[in-house]
Amino acid sequence: MKFLTIGFGNPRTSSKTCFHILLSIFLICTLLPLGWSSEETGKTADDELVENLALFSEILAYIKQAHLETPNAKELVEGAINGALRKLDPYSQYIPDYAAFRTQNRGNYGGLGMMIGIREDMLTVVTPFKGSPAALAGLQSGDVISHIEGESTAVMTLNEAVDQLRGEPGTPVSITVVRQNDNRPFEVTVTREVIRIPSVEQNLIGDNIGYIKINQFLDTTANDVDNALLDFKAQNVRGVILDLRSNPGGLLTSAVDIASDFLTPDQLVVYSKGIEAREDFKSKGEKREYFPLIVLVDGGSASASEIVAGAIKDHGRGLVMGNKTFGKASVQRVFPLSNAKSAVKLTVARYFTPNGVDIDKVGIIPDVESAWFSRSERQMQLKLRDNEKLKTFIDENGDDVLGQLATAEHASRDDRHAAKLLRSYQRLSDALTEEQIVLSDIGIKYALAQITENDRDELEHDPQIVAAMEQLKVLELFAVEN
């Protein structure tokens, strides 16, 4: 073999190096489970493994002998490992510091407040968390991050990208973004903060409708949802809206527990299938209180969110509304390595909905697809952030101005106060148009709702929540206790 003839300056060193390479090949061939073979070449697994490891060793020898700079052996090998894992799927990764890996993501960290993933081999924003630095900088689900601090993300692993984006709170990081349907990249500088994300938010909206927003599936989430449903039962709510939009997922156990709150006992929630036997995960506990149910999803709903939405949809337990989900639901397992310092995380299975939909490839397609705002309207919304005209309008008319507007729109013609308020609102709309901010009535009111002090305003003027409340009226007519 050619690599045996390449010298490293000292024949003894060369022989010793080659011996170690051959010994490594022998040990790998001995330790790896075989049984696979190539249909194209007809070669056995032993033949292909030795041939490719020999090729790899030959290249390493040339690098050692001829490359301009002295190579770092550790970096070379780790680079090869990362390249091999990247070829498998976006979520398999090499973990050089397993101890640090096990202690990270425990709630608070210095970051941008967004979940990222790999979609079509590109680093993509799955979802920015509400109120986070990423969201305030205008980043959106589906944005492609092409560069971090000027370095291309094309060859980064997902773990490397996360490490680049995280850092000391208060420090800035520059990222280059390419937005869907817009080939012009733009640069955003975001300041890292300590990120604290509440798992569950609950409220009563509209005409006595229970609203639950799940931001992440943590080990405490199911208990929080249980408590919310108990509150709703005590208040005789007419129905429940479960908001999973921009929820990147979390714990499988939490997803199964929350699905159990709405399904009947022992119904299939999800199943996994991979190289090992299929494993079913079924709803737990006793029969729960029945509520007419709407589930909201979007392109930022992933993983555990898709498991819950898929179970609700397949069993016909409620109506899933919104946009197609992200499509990320696979099983990763961490294997500690023999050096006791590092580990490798590998995808070993995928999750399927009760009806057999491969979530990782397809995602969840809603029963009712409803657009929130168009791309141009979302851009207009971003322009309205911290707009002084909106703030002045609220200051002049009071923080309850949206409630006043709703009353004024149904007031009699001789109501002077109502007429004055409606004229003021029209002047606001005209002033925004002069700034080339063109939005529908619901778009302007939603922008106002986002800066009032009343949390209910934002919920009750969110176009998708408004649509969900209308759909609940229809579901109420057909509500039959399971």
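What we have here is a predicted model, and its protein chain holds 17 helices and 19 strands. If we take the contacts between residues at least 6 apart in sequence, 65% of them join residues that are at least 24 apart.

Let me turn to the sheet. Six strands form an open sheet with mixed pairing, and their order is β10-β11-β12-β15-β16-β19. At the edges sit β10, residues 200-205, and β19, residues 368-369, each of which pairs on one side only. Strand β16, residues 319-322, runs parallel to β19 and is joined to β19 by two bridges; G322 has E369 in β19 as its bridge partner. Across β12, β15 and β16 lies helix α9, residues 304-314, which runs at about 140 degrees to β15.

Now to the helix pair. Two packed helices are described by the angle between their axes and by the distance between those axes. For α14, residues 416-434, and α15, residues 441-449, the angle is about 100 degrees and the axes are 12 Å apart. An angle of 65 to 115 degrees counts as roughly perpendicular, so α14 is roughly perpendicular to α15. Where they meet, α14 brings Y425, L428, S429 and L432, and α15 brings D441, I444, K445 and L448. Sorted by class, this contact has five nonpolar residues, one polar residue and two charged ones.

Definitions and conventions:
Residues numbered from 1 in each chain as written. Predicted model: local features only at pLDDT ≥ 70, side-chain atom pairs only at ≥ 80, totals over all residues. Heavy atoms only, no water. Axes fitted to C-alpha atoms, helices over the stretch in contact; angles between N-to-C directions. Helix = DSSP H or I, 4+ residues; strand = E, 2+ residues; numbered from the N terminus. Parallel < 35°, antiparallel > 145°, perpendicular 65-115°, else oblique. Contact = heavy atoms within 4.5 Å. Nonpolar A, V, L, I, M, F, W, Y, C, P; charged D, E, K, R; others polar. Pairing = 2+ DSSP bridges.
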